[in-house]
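Thank you for making the time this morning.

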Amino acid sequence: MRTMFASLAVPNYRIYFSGTIMTNMGQWMARTAQSWLVLMILTNGNAAVLGWLMAVNFAPMFIITPWAGALADRVSKRRIMVTAQIILAIDATILSTLVLTGAVQLWMVFVISAIDGTASAFYSPATQAFVSELVPQKNLPNAVSLNSASFNGARLLGPGLGGLLIAAVGVGWVMAINVVCFIGFITTLLLLKAERLYTSPRPAEKTRVRDGLRYVKRRPDLVILLTIGFMMGTFGVNFNISDAVMATQAFGKGPGEYGLLGSLMGVGSMTAALGAARRKPRLRWVELAMLVYAVSMTISALAPNYGVFAVFKIFVGWGTISTLITANAMVQTSVTPQMRGRVMSLWATLVMGGTPFVSPIVGWIGNVIGPRATVAFGAISLGITFVVITAVIMHNDKIRVVFDPSKRAPWLRQVRGKVTIDYVQQTK
């Protein structure tokens with residue numbers, strides 16, 4: 001138990017963690033409310049429009065995040081985070097007001113979503129890299145896992161509570177609660193003690209995006225992990241669309257049952273995050289998680305009723321989060337501090353950056369083929385990824401040794417000198 005919550009012994013991280021719980025809860029409730037607003041109030045069940053909304057929200061991630069990562073390596077990460085959160089809080093205030101006054105229109109939701117996406121594009125690499133400044137290096141995998149536990153604890157409670165509140169008081173008030181949560185998180189960021197931060201040294205030379213790309217290119221382990229993140233984030237995590245159309249169209253359920261799907265997924269996600277906090281990140285856990293995801297999504301696509309579909313959301317949640325959190329921890333702990341912002345910006349770009357292109361396709365699939373096809377899409381994509389990644393690793397001795405430094409091979413000295421010096425040094 002002590003190992004699982006080791007990072008909470010660090011005062012700064014404890015303050016930060018409390019703030020993340022607050023803002024994650026608010027945002028999961030708000031996501032549920034926004035999906036319901038668009039799908040059931042403004043478009044009368046048009047899944048394609050919901051897909052385009054996700055595309056608009058995540059497009060800035062693809063365009064801006066690499067440069068935002070270089071910025072995070074050069075200036076205060078906390079300053080970037082506070083600025084982004086203030087913008088997100090203002091947007092949430094405007095949208096909730098529009099909904100409560102009955103003035104909201106679809107184009108307004110799209111504009112606010114685009115602004116949110118821009119702020120998040122700067123926030124994401126900064127917060128990914130900021131975790132390393134809150135705790136000692138030895139606690140970093142644990143801190144990454146606890147962050148995910150916070151996120152998925154909110155996923156456990158947020159959608160279900162959001163669905164109940166939508167039915168009880170309406171979409172607008174749920175969004176208003178999110179504003180209060182933003183203010184709470186901004187306050188915790190300002191309360192952090194600067195003298196207790198494990199601040200990374202600033203790079204001696206100008207931070208350039210292409211230097212981060214070159215760094216990753218020389219690291220086959222990072223290439224594989226980033227590829228896994230891209231496939232899961234882009235093709236596997238389209239639940240805002242698939243859950244909405246499955247609940248409303250395939251099973252004829254209301255907002256409470258739709259929110260419950262997110263909460264059940266949160267059970268698996270929380271289990272995955274807490275499990276990752278207790279163990280060292282290893283590639284075998286990433287592969288197992290991808291397999292669990294692909295199998296459980298396949299069964300979900302064939303589910304005969306809402307009950308079966310809902311139960312398997314637990315396994316889907318475990319597979320999704322175990323894949324992302326373990327790969328994320330492996331990336332964070334194997335890069336030099338001076339490159340962490342740029343490498344984590346690539347991670348954020350790849351995990352979220354493909355969504356603008358794929359979400360409209362998933363929405364179109366839901367309209368043309370049917371809601372079950374939106375679930376099968378993720379199962380097939382990650383099933384293929386599992387097979388290909390496993391084949392590459394099994395047939396490439398050099399890559400296999402990189403992921404397991406305890407093994408020895410004649411060429412390992414060359415790897416230390418040219419390719420994976422950071423990873424090998426930190427895993428001795």
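Before anything else, a word on pLDDT, which is the predictor's confidence in each residue, on a scale from 0 to 100. We need that term because what you see here is a predicted model. Over residues 408-428 the pLDDT stays under 50, and for this stretch the model has 37 contacts beyond four places in sequence. For the protein as a whole, the mean pLDDT is 84, with 88% of the residues reaching 70 or more. Among the elements, the lowest mean, 38, belongs to helix α18, residues 421-426, whereas helix α3, residues 77-100, has the highest, at 96.

The largest nonpolar core holds 75 residues, and the members that touch the most others are Val171 and Trp347. There is also a second, separate core, made of 41 residues, with Ala126, Val131, Leu140 and Trp318 included in it. Coming back to Trp347, if we leave aside residues up to four places away in sequence, its contacts include Gln128, Leu225, Gly229 and Asn328.

My last stop is Thr374, which sits in helix α15, spanning residues 371-394. Is Thr374 buried or exposed? Its relative accessible area is 4%, so Thr374 counts as buried, the cut-off being under 20%. A polar atom of the Thr374 side chain lies 2.5 Å from the backbone oxygen of Pro371. Beyond four places in sequence, Thr374 touches Ser242, Val245, Val362, Ile365 and Gly366.

Conventions
Residues are numbered from 1 along each chain as its sequence is written. This is a predicted model: local features need pLDDT of at least 70, side-chain atom pairs count only at pLDDT 80 or more; totals for chains, interfaces and linings use all residues. Side-chain values use heavy atoms; hydrogens and water are left out. Helices (H or I, at least four residues) and strands (E, at least two) are DSSP runs, numbered from the N terminus. Contact means heavy atoms within 4.5 Å. A nonpolar core is a set of buried Ala, Val, Leu, Ile, Met, Phe, Trp, Tyr and Cys residues joined through side-chain atoms within 4.5 Å. Buried means under 20% relative accessible area, exposed over 50%, partly exposed in between (1.4 Å probe, protein chains only). A polar contact is a pair of N or O atoms within 3.5 Å; within protein, one must be able to donate a hydrogen and the other to accept it, and residues adjacent in sequence count only if both atoms are side-chain atoms.
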